[in-house]
Amino acid sequence: GGGGKGKWVVTKPADKERGQLELSFHWWFNPELNPHFFEEDDDGYPDRPPNELRIAVIQGMDLLPMDLSLLSRHGGTSDPYVVVKCKKEKRRTSTKKETLMPMWREVLTLPV
């Protein structure tokens, strides 16, 4: 297996920066699998557990307000969540209501 400490990454959609996320990645390799790289067959061993990529979504910082309000002292808030995609697989965190500094502490697991 492999792993890493938490790292801050800047979220950048095509148009502008939206804030920062703290993420930690852990790749778990199943040694029973002998991957055949560059082959078309992705399901070589469907009866065995897959290799996994585990992504700990820890927290967000300085996210852009997406729900603007004149009554808010910060000019707005957001209901943020994180979506992680790998090939055809997609995982999503829970939604944190009305915050620009969300704390998730959730682990998303994707087969690779």
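From the N terminus on, the elements of the protein chain run β-β-β-β-β-β-β-β-β. The chain holds 9 strands and 0 helices. Helices (H or I, at least four residues) and strands (E, at least two) are DSSP runs, numbered from the N terminus. The model is predicted: local features need pLDDT of at least 70, side-chain atom pairs count only at pLDDT 80 or more, and totals for chains, interfaces and linings use all residues. Residues are numbered from 1 along each chain as its sequence is written, and side-chain values use heavy atoms, with hydrogens and water left out.

The protein chain has 112 residues, of which 26% are buried. Buried means under 20% relative accessible area, exposed means over 50%, and partly exposed lies in between (1.4 Å probe, protein chains only). The chain exposes about 8,400 Å². Carbon and sulfur atoms supply 53% of that area. Accessible areas come from the Shrake-Rupley method with a 1.4 Å probe; for residues, only the protein chains shown count as cover. Contact means heavy atoms within 4.5 Å. Among contacts between residues at least 6 apart in sequence, 49% join residues at least 24 apart.

The largest nonpolar core has 10 residues: Leu21, Leu23, Leu53, Ile55, Val57, Val82, Val84, Trp104, Leu108 and Leu110. A nonpolar core is a set of buried Ala, Val, Leu, Ile, Met, Phe, Trp, Tyr and Cys residues joined through side-chain atoms within 4.5 Å. Strand E3 (19–28), strand E4 (52–61) and E9 each give two or more residues to this core. Val84 is one of the core residues. Leaving out residues up to four places away in sequence, Val84 touches Ile55, Glu89, Lys90, Arg91, Leu108 and Leu110.

Glu106 is found in strand E9 (residues 103–111). Glu106 is buried, yet has no salt bridge. A salt bridge is a side-chain nitrogen of Lys or Arg within 4 Å of a carboxyl oxygen of Asp or Glu. The nearest side chain of opposite charge is Lys96, 4.2 Å away. Lys and Arg count as positive and Asp and Glu as negative; His and the chain ends are not counted. The side chain of Glu106 does make a polar contact with the side chain of Ser94, at 2.4 Å. A polar contact is a pair of N or O atoms within 3.5 Å; within protein, one must be able to donate a hydrogen and the other to accept it, and residues adjacent in sequence count only if both atoms are side-chain atoms. Beyond four places in sequence, Glu106 touches Ile55, Ala56, Val57, Thr93, Ser94 and Lys96.

The whole structure contains 2 salt bridges. One joins the side chains of Glu52 and Arg54 (2.7 Å, N to O). Glu52 counts as buried because its relative accessibility is 18%. Arg54, at 33%, counts as partly exposed. Glu89 also forms a salt bridge, with Arg91; their closest N and O atoms are 3.0 Å apart. Glu89 is partly exposed at 30% relative accessibility. Arg91 is partly exposed too, with a relative accessible area of 27%.

Most residues other than glycine have a negative phi. Glu98 is not a glycine, but has a positive phi of about 45°. Glu98 lies in the loop between strand E8 (89–92) and E9. At 62% relative accessibility, Glu98 counts as exposed. Arg105 is not a glycine either, and has a positive phi of about 55°. Arg105 belongs to strand E9. Its relative accessible area is 66%, so Arg105 is exposed.
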